[in-house]
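Here are a few friendly notes to read alongside the model. Please keep the viewer open as you go through the points.

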Amino acid sequence: MDSSTFSFIYNTYIVNMLDIAILSFLFYRVILIIKGTRAIQIILGILVILVLTVIARDILHLRALTWLLNNFWLAAVIIFAVVFQIEIRSVLAQIGSNIWGNSGNVKESYIKEIADAVEELAFTMSGGLIAIENEVGLKNFTETGIMLNANISKELLLSIFKNKSAPLHDGAIVIYNEKIIAAGCLFPLSHNTEVKLYGTRHRAALGLSEITDALIIVVSEETGNISIAYKGKLKSNISVTKLKETISSVVGGTKTR
């Protein structure tokens with residue numbers, strides 16, 4: 001095949017196929033991120049305004065309304081950036097972590113310490129929220145709490161969460177590698193309408209998982225159930241065995257991803 005033939009095939013077929021494949025992937029990722037969130041309602045609202053703009057400008061010729069809507073679309077980029085800031089941050093963070101990621105690595109012995117502590121928190125219905133940092137850094141959130149930089153231990157985790165009158169009880173713990181980096185941390189709440197029946201800890205866990213690749217463990221103070229949030233998904237009623245397997249596969253020394 002000479003260069004002219006290849007150039008013809010590339011410009012006629014391959015470039016279009018490549019264009020469609022990339023756009024399809026981007027739309028697919030965007031849909032996965034906004035699925036089940038208020039962004040769906042916002043997009044529907046934008047489509048309604050778009051239809052209204054076409055009707056006012058091209059069919060009814062309403063000059064005042066057309067002027068108002070045209071000015072709205074001029075500012076649309078800024079409005080979209082504000083409204084979809086969480087979704088945009090999530091997409092950019094995922095792209096950045098895939099290129100420059102430095103994933104967490106928790107040893108098996110520490111995974112056992114975490115799982116044992118979670119099991120006791122569930123048994124005593126003490127409640128707890130633990131985020132294990134992965135490739136996306138959580139510094140913005142550790143700065144909202146108290147820095148500990150302590151070795152992971154079951155006793156330390158229980159001392160923070162079991163005493164409900166303790167100052168750090170209601171916040172979250174952030175773990176990275178072999179350390180409990182900080183406690184009493186605050187996470188962004190999810191706007192996912194599918195978790196509106198859960199408490200604040202579950203919404204915070206899901207909220208962090210939507211914008212980072214951290215693995216977040218939640219223990220319900222009301223039921224003692226264990227849940228995990230990862231990459232925008234929340235799974236409830238997790239057994240301790242399954243919890244160990246999940247931690248090991250995501251941030252353990254024997255990753256299976």
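Which residues of strand 6 are buried on one side, and which on the other?

1. Ile226, Ile228 and Tyr230 lie on one side of strand 6 and Ser227 and Ala229 on the other, and all are buried. Buried means under 20% relative accessible area, with a 1.4 Å probe and protein chains only. Strands are DSSP runs of E with at least two residues, and helices are runs of H or I with at least four, numbered from the N terminus.

2. A word on the basis: this is a predicted model, where local features need pLDDT of at least 70 and side-chain atom pairs count only at pLDDT 80 or more, while totals for chains, interfaces and linings use all residues. Residues are numbered from 1 along each chain as its sequence is written, and side-chain values use heavy atoms, leaving out hydrogens and water.

3. Strand 6 (residues 226-230) pairs with strand 5 (residues 215-219) in the antiparallel sense over 5 bridges; pairing requires at least two DSSP bridges between the strands. Ser227 is the bridge partner of Val218. Their hairpin has 6 residues between the strands, and Gly224 takes a positive phi near 80° there.

4. Strand 7 (residues 233-235) also runs antiparallel to strand 6, joined by 3 bridges, with Lys235 opposite Ile228. This hairpin has 2 residues between its strands, and Lys231 in the turn has a positive phi of about 50°.

5. Elsewhere, Thr142 sits in helix 7 (residues 139-142) and counts as buried because its relative accessibility is 5%. Beyond neighbours within four places in sequence, Thr142 is in contact (heavy atoms within 4.5 Å) with Met147, Val174, Ile181, Ala182 and Cys185.

Key:
Buried means under 20% relative accessible area, exposed over 50%, partly exposed in between (1.4 Å probe, protein chains only).
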